[in-house]
Amino acid sequence: MDFWRAQLQHQRRTKKPPRRSYTIYRNPTEADADPDPEGLQMKVVEAEGPLPPGATLGGHGSNGEKARDAGARCPPWKAVLYVVLGVLFAFVMGFLLGYASLRSSSCPTPGDLLVMANDESAYEAEDERIGAPMYWAELREMFQKYLHEEKIEGTIRKMSEAPHPPGSPRLDTLSRHVLDAFASYSLDHSWTDSHYVGLQRPNWRQPSFLHRMDANGAVLEKLPLGDPEVYCPYSASGTVTGNLVFANYGRQEDFAFLKQRGVDPQGHLVIVRIGQISYAEKVANAEASKAKAVLIYPDPFDVLQDPRKLGLSPNTSIYGHVHMGAGDPYSPGFPSFNHTQFPPVQSSGLPKILAHPISAEVAARLLRQVMGPPAPQTWNGRLPGVPYQLGPGAPDFRLELRVQNLKQSVMINNIFGCIEGRFEPDHYVIVGAQRDSLGPGAARSGVGTAILLELARTFTAMVRNGFQLRRSLLFVSWDAGDFGSVGSTEWLEGYLTMLHLKAAAYISLDNAVLGDDKFFAKTSPALIGLIESIVRQVDSPNRSGQSIFDQMTEQGRRWETEVIQAIPMDSSAFAFTSFGGVPAVEFSFAEDARPYPFLNTMLDTYDNLNRALYGRLPAVAKTVAEVVGHLLIKLTHDHLLPLDYWCYGDVLLQHIGRFNEYTTQLKSRGLTLQWMYSARGDYTRAAEKLRKDIYGSEEHNERLLRMYNVRIMRVEFYFLSQYVAVTETPFRHILHGRGPHTLGALLEHVGRLREAPETFDETLFRRQLALVTWTLQGAANALSGDVWNIDNNF
């Protein structure tokens with residue numbers, strides 16, 4: 001902790017020398033993509049220090065000596081004539097330029113187009129050593145030149161040697177390594193940001209246990225829970241007894257099926273398989289069904305089994321937090337700084353029932369005791385000798401579960417490095433990776449941290465060799481990720497009022513390599529188009545000569561279906577989008593048949609992950625780095641932010657279209673969705689108007705560029721409901737968030753008109769409809785720009 005107290009205020013700032021502006025003329029070369037037909041090219045650059053070698057100031061390549069010689073040979077009457085003509089020429093040109101400037105600023109002409117930098121357009125490198133424009137192909141080649149696979153491999157090994165939970169000496173050592181690496185790269189800034197958060201740890205004095213009891217309460221069997229470090233952070237504490245019910249993956253539809261079959265989990269313990277949804281969602285669904293506790297086990301059907309015998313041992317259990325949310329659950333919506341006076345409130349996402357992981361071997365012994373109706377075929381796993389019945393067990397079958405976790409206040413530390421942008425330094429593109437892990441964490445945190453450090457090193461090398469970022473690039477190593485993205489969420493909570501004006505996009509590197517057969521992008525819709533253009537140009541790690549896009553669209557498969565997924569709650573990208581209103585994405589390679597079995601276990605080591613990839617772990621990690629690196633180049637350098645603000649018109653249409661089937665039932669109650677449809681239409685018209693304004697504007701007008709970029713980068717923020725309290729409903733995004741204000745909640749409620757009309761609450765429905773409608777209308781108004789440009793029919 002002494003290290004972090006010393007580093008708490010650490011910040012290194014590099015002062016840059018003043019830059020001079022030159023107009024450089026040069027003769028075209030064969031390498032130029034579009035040489036000037038006049039045989040001369042001009043470029044305005046800003047550079048430090050003296051004039052670049054070979055550059056000429058003034059007109060058409062004449063130097064000072066030639067000008068003086070010409071003046072010496074010129075007769076006096078010609079000199080007077082030249083002066084008069086020169087003055088007249090300057091006056092006329094000044095008048096014309098002033099007139100053109102006035103017209104372009106007040107009334108843009110269709111011919112002056114502002115376009116996004118694409119594969120054919122030049123990326124200008126304002127560096128006195130380069131001088132010439134840099135094209136996309138050159139930047140890709142430069143990035144590949146400085147990206148080193150062996151450095152990624154070395155960092156993964158170092159970061160995954162042993163468990164390193166938050167607050168541990170081992171994590172302090174790794175944190176020092178990351179901060180030293182940032183300092184060695186000569187980034188513009190590097191610093192740490194500390195928070196004091198509430199984390200749960202196992203109680204060593206009163207360990208958790210699971211017993212099988214007889215009808216009289218006597219212990220018949222003590223069932224092993226395995227390693228005490230494998231637990232469910234944020235489980236409720238206490239002791240419960242009851243029978244057992246099997247609920248498959250613990251999804252809402254699984255509990256609905258139990259109800260249909262007459263199996264009631266109320267008053268019983270529930271046993272569920274890992275997979276499909278997060279631990280937190282499983283426990284929340286069980287609590288909604290009034291179960292007493294949840295036991296979570298890995299079924300052999302759901303984990304990787306292959307000839308290399310990489311399947312999970314029957315005696316291994318898998319940890320995972322059960323907080324239905326993100327960040328510190330003991331200060332929801334508030335930043336966990338040391339000086340904060342916390343109100344006496346806890347997150348509504350903290351479960352009120354017990355939860356604990358168990359091994360497949362223990363699960364098999366329990367499920368053999370379960371009776372009742374047979375489970376459907378799709379619920380059957382591969383536990384040996386298990387008939388898979390729904391339960392409960394025999395009348396005299398009883399289980400007793402005790403969970404004892406202790407809340408501790410722990411100082412966590414996020415580590416930052418920054419390369420400042422040149423034209424929009426106050427607009428940030430952020431890339432982050434989790435650093436901590438309850439286990440060794442090769443896949444969980446090691447790969448992401450290795451890619452993060454290598455990207456930081458590569459981009460600083462590119463900047464030293466001529467690449468100039470338009471926007472600032474932040475590299476962040478997050479703490480306490482295994483407890484629900486605590487580090488990233490607390491940072492968002494602490495600086496939200498600033499970040500919603502400055503953060504343009506976020507890229508998560510967590511869980512980046514879990515295989516190499518499939519590629520997934522869990523993303524905000526605003527980034528889908530850009531991601532597709534990138535993966536068309538990056539080679540697949542296991543298909544020579546084939547791009548990732550080609551690999552994922554073989555045999556007529558659709559790109560969106562195979563690759564694009566919603567951002568899960570257990571990703572740091574979820575908090576950025578649903579809480580912070582920032583477009584975000586998390587990339588991941590995974591196995592085709594079964595997931596990597598050792599994630600969130602004490603066996604998540606470099607050797608096991610590398611064996612699962614047939615020795616190709618460094619190569620696959622490098623491929624992820626290439627995808628992210630190309631994305632960062634586009635996001636930090638394109639003149640116009642390559643975010644698809646238009647796509648939300650189509651996304652809204654897809655969501656709102658699902659309400660059409662309830663029109664008759666709503667009309668019968670005097671209700672209408674007309675104004676929600678109208679708000680969606682206003683958003684589409686605002687997006688179309690912005691598109692026309694952009695493509696009818698002056699290409700190099702920095703004032704217009706900044707104005708358009710600000711409107712584009714805030715589109716995601718516009719969809720955060722302004723009508724709910726962030727401390728009570730932190731995930732305010734009406735499309736990707738959670739709560740009664742979302743489109744999903746509104747659709748679920750209107751669905752009661754058909755499934756259970758007696759449960760339909762008209763007052764609540766009107767409130768939900770108002771929240772959605774006015775958030776949509778607010779997004780449309782904000783995208784329109786100035787208040788005099790708003791055109792709606794409300």
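**Aromatic cluster.** I started with the rings and found that Trp191, Phe416, Trp478, Trp491, Tyr495, Tyr506 and Phe576 form one aromatic cluster. Rings of Phe, Tyr and Trp (its six-membered ring) pair if their centres lie within 6.5 Å; planes under 30 degrees apart are stacked, over 60 edge-to-face, and the rest tilted.

**Ground rules.** I kept in mind that this is a predicted model, with local features needing pLDDT of at least 70, side-chain atom pairs pLDDT 80 or more, and totals for chains, interfaces and linings using all residues. Residues are numbered from 1 along each chain as its sequence is written, and side-chain values use heavy atoms, leaving out hydrogens and water.

**Pairs.** I looked up the total and got 24 aromatic pairs. Phe519 and Phe587 have ring centres 5.7 Å apart and planes at 20°, so I noted them as stacked. Phe519 sits in strand S19 (residues 518-523) and Phe587 in strand S21 (residues 584-590), 68 residues apart; strands are DSSP runs of E, at least two residues, numbered from the N terminus.

Next I checked Phe519 with Phe589: this pair is tilted, at 5.0 Å centre to centre and 55° between the planes. Phe589 is also in strand S21, so the pair ties strands S19 and S21 together across 70 residues of sequence.

**Charges over rings.** I also found Lys407 over the face of Tyr330, 4.2 Å from the ring centre, and Lys634 over that of Trp136, at 4.6 Å. The test is NZ of Lys or CZ of Arg within 6 Å of the ring centre and within 35 degrees of the ring normal.

How values were computed: Helices (H or I, at least four residues) and strands (E, at least two) are DSSP runs, numbered from the N terminus.
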